[in-house]
Amino acid sequence: MTHSNFLRERDIRFHLHSQTNPEALRRDGPIIIERGEGPYVIGEDGKRYLDVMAGLWCASLGFENERIAGVAARAYRSLAYYHSFSGRASPDAIDVAASIAQRVPIENARIYFATSGSEAIETMIKLAWLYFRGRGQPERRKIIARDRAFHGSTIFAASLTGLPHMHREFGLPLGGIVRVSCPDTYRGRIAGESEDQFADRLAAELDEAIVAEGPETIAAFIAEPINAGAGVIVPPDTYFEKVRAVLDKYGILLLADEVVCGFGRTGEWFGCQAMGMKPDMMAMAKGLSSSYFPISAVALTPEIYEAIDAANAHGTNFGHGFTNSAHPVGAAIVREVLAIYDEMNLLERVSRQGKLLRERLSEELSDCSIVGDVRGRGLMAGVEIVEDRNSKAVFAVEKAVPAQIERMGMDYGLMLRPQGNTVTFCPPFIVTDEQVEEMANKVGAILREIS
Ligand code: PLP
């Protein structure tokens, strides 16, 4: 048996994959990736793929980086593990907390560390509950989340997620979640409605939902500045300003899920800044470490910190924490990743490469009959596939067009991972002009072939 067949068989026999159809895995086998080379990944058969999605919207510096490897090795030799319980901290964790606090658009922020995006989301929800208990409003428990949102896979984060396949088999969502519409300007607007009018209508819907539920029962509203998983949904420019006005009317907190948008992806340090969102807390992960270490963070306002302080004024501990929170090796890696972002003039680079990507996609796809919409912000884009441009009708599920696009991508040496009917782009920040060309040309060829 070849080494390749040996690996395939063992994978099918022993490994339960995330977000994978088991029958398809048994039939087609796994895609085994052995090495990284800048924005490319290399399969165990030696084939190279330009990874258009930076893995899972995360590997912002690509798939190998000597400098980070060196920092990680030194950090492991110096202090391979320590924690943040009972007042412990490593110098790098302290340094990185300060560095994140100084970057986020929350004045005098405190930073809490966790290890995944989902844990950061769960942490924000617990802090929202703690905050309202401290203010004598313990009945404020409900969280408003949006249709088609993705907030993670742990039980509450999956409940906040507005995608049926994340709920179906698990009896989710849990109670206490209020659902409002996704601000999808391509599909959600009614004929003749401007983006601003659409934002007004969404704000009115939010207001009505709050009144119907009882404002005194609602703790927070959670949203991604740009909804990545639903196919890079960029809300109207005035949406978050209007949402914030409604929330302020009822004293409801605004929680930003910056897991994808944070750390440069939108052309600003945070998606909040790109979209005019003024949050009370922010969850960050992925780009924080370029996913070179499983580390995430939450930024919170002084008011929320004061509530934690008041709750523990009589000698109790803040009752929350993960074994690997503020991991010293993770912190050392984040510190170096942030230094590299600063040195590469990140925001300018993302804006430039993102503009080029959207221009080239628009040129390539302008006459492609199955492309309904090309959209994005920063180095993040979505190309929505339709069967009919006029009616915006989508292809029947049985035609499996997204899977076909993904397979053809691999034939062309592109690692694609469409989100529903949208081919999404979230490449590493290091992509060159030639690599942007490569993505646009190849996706153009694939979609023309299908249409
Ligand atoms: N929030 C958003 C917007 C995400 O895209 C994800 C993951 O893709 C998460 C939260 C959950 O992050 P994790 O998978 O690290 O738990």
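**Loops, helices and strands of a predicted model**

Trainee: Where does Ser-86 sit?

Mentor: Ser-86 is in the loop between H4 and helix H5 (91-103). Helices here are DSSP runs of H or I with at least four residues, strands are runs of E with at least two, and both are numbered from the N terminus. This is a predicted model: local features need pLDDT of at least 70, side-chain atom pairs count only at pLDDT 80 or more, and totals for chains, interfaces and linings use all residues. Residues are numbered from 1 along each chain as its sequence is written.

Trainee: What is the phi of Ser-86 near?

Mentor: Phi of Ser-86 is near 45 degrees, a positive value in a residue other than glycine. Most residues other than glycine have a negative phi, and most peptide bonds are trans.

Trainee: Is Ser-86 buried or exposed?

Mentor: Ser-86 is exposed, as 7 other C-beta atoms lie within 10 Å. The cut-offs are 20 or more other C-beta atoms within 10 Å for buried, 12 or fewer for exposed, and anything in between for partly exposed, with C-beta atoms placed from the backbone.

Trainee: And what about Lys-392?

Mentor: Lys-392 is not a glycine either, and has a positive phi of about 65 degrees. Lys-392 is in the loop between strand S12 (381-385) and H14, and is partly exposed, with 14 other C-beta atoms within 10 Å.

Trainee: Which peptide bond is cis?

Mentor: The one from Leu-172 to Pro-173, with omega near 5 degrees. Pro-173 belongs to the loop between helix H7 (155-160) and strand S6 (177-180).

Trainee: Back to H4. Which of its residues are buried?

Mentor: Ile-68, Val-71 and Ala-75 are the buried residues of H4. They are on the same side of H4 because they cover an arc of only 60 degrees around the axis; the arc is that of the directions from the helix axis to the C-beta atoms. An α-helix has 3.6 residues a turn, so residues three or four places apart point the same way.

Trainee: What covers that buried side, and what is on the face turned away from it?

Mentor: The cover includes helix H12 (328-343), where contact means C-beta atoms, placed from the backbone, within 7 Å. The face turned away carries the exposed residues Glu-66, Ala-69, Gly-70, Ala-73, Arg-74 and Arg-77.

Trainee: New topic. How many residues surround the ligand?

Mentor: 17 residues do, and the closest are Ser-116, Gly-117, Ser-118, Gly-152 and Val-259. A residue counts as near if its C-beta atom, placed from the backbone, lies within 6 Å. Helix H3 (54-57) and helix H6 (117-134) are the elements that give two or more residues to the shell. H6 supplies the largest share, 3 residues.

Trainee: How is S7 paired?

Mentor: Strand S5 (residues 142-146) and S7 run parallel over 3 bridges, with Lys-142 opposite Ile-218 in S7. S7 is also joined to strand S8 (residues 253-257) by 4 bridges, again parallel. Two strands pair if DSSP finds at least two bridges between them. Strand S7 (residues 218-223) is mostly covered, with 6 of its 6 residues buried.

Trainee: What is the strand order in the open sheet of 4 strands?

Mentor: S1-S2-S3-S13, with mixed pairing. Strand S1 (33-37) and strand S13 (414-415) are the edges, each pairing on one side only. Strand S3 (residues 48-51) is parallel to S13, with 2 bridges, and Leu-50 stands opposite Leu-414.

Key: Contact = placed C-beta atoms within 7 Å.
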